[in-house]
Amino acid sequence: FSSEQTAATIGTAFASSPLFLVAFVQNVKTCHGAEIANSASANAIIRELKRSRDVQEVYHNMLCELERNMGDDVKHSLCLLCVSQRGLQEHELYELLRLEGNSSYLWLYKFLRAMKEIIVPICGYLKFFHALFQSAVENKYFKDADTRLSYHKRLEVYFRRRPVHFKRKMEEFPFQ
């Protein structure tokens, strides 16, 4: 951030909340990184601050922007991660997205790279860095029980096809 961009961020009422600042910086870097890198202006930051009053709203705006820029697979990826018991391995997420017939590995690579501070690998599983981000995903995409159930069903079908001795099947299948 330039000094003008930093001043625009710090000079708000929300700056007293460390979690808001972390979420806000993640949003700006993920959705507006190129704009910020190519300009010392604080326009992108000020525009984003005007749209976001709390952490949930920052994450909601981030999700909308990601969908607009990267398509529906953003929703599918996040919902699959949200309903998994332990998180998903990268190849599992890729295979699940391929079942939809949409995603390429290049898309997944770009998505995970953009989300590297929000979706983190923990013991080999991709998980959300913070429960508030998961809550934002749930609030945006799981407006009814049927939607959540449909993603559980996708995981159930995926893990049902795995061999019985497959450890991951035993970890995930009972929860879907």
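Trainee: What percentage of the residues in the chain is buried?

Mentor: This is a predicted model, in which local features need pLDDT of at least 70 and side-chain atom pairs count only at pLDDT 80 or more, while totals for chains, interfaces and linings use all residues. Residues are numbered from 1 along each chain as its sequence is written, and side-chain values use heavy atoms, with hydrogens and water left out. Buried means under 20% relative accessible area, exposed means over 50%, and partly exposed lies in between (1.4 Å probe, protein chains only). Of the 176 residues in the chain, the buried share is 44%.

Trainee: How many helices and strands does the chain have?

Mentor: Helices (H or I, at least four residues) and strands (E, at least two) are DSSP runs, numbered from the N terminus. Along the sequence the pattern reads α-α-α-α-α-α-α-β-β-α-α-α. The secondary structure comes to 10 helices and two strands.

Trainee: What share of the contacts with a separation of 6 or more is between residues 24 or more positions apart?

Mentor: A contact means heavy atoms within 4.5 Å. Among contacts in the chain with a separation of 6 or more, residues 24 or more positions apart account for 67%.

Trainee: How many salt bridges are there in the whole structure?

Mentor: A salt bridge is a side-chain nitrogen of Lys or Arg within 4 Å of a carboxyl oxygen of Asp or Glu. A search of the whole structure on that basis gives five.

Trainee: What span does α4 reach from its first C-alpha to its last?

Mentor: The expected span of a helix is 1.5 Å times one less than its number of residues. With 16 residues, α4 is expected to span 22 Å, and its reach is close to that, at 22 Å.

Trainee: Which residue follows α4 with a positive phi?

Mentor: The phi in question is near 95 degrees, and the residue that follows α4 is glycine 71.

Trainee: Is glutamate 156 buried or exposed?

Mentor: Lysine 153 has 45% relative accessible area, so it is partly exposed, and arginine 160 at 47% is partly exposed. Glutamate 156 has a relative accessibility of 14%, so it counts as buried.

Trainee: Which residues does histidine 76 touch, not counting those up to four places away in sequence?

Mentor: Histidine 76 is in helix α5 (residues 73-83). Its relative accessible area is 12%, so histidine 76 is buried. Leaving out residues up to four places away in sequence, histidine 76 touches Leu97, Tyr151 and Arg154.
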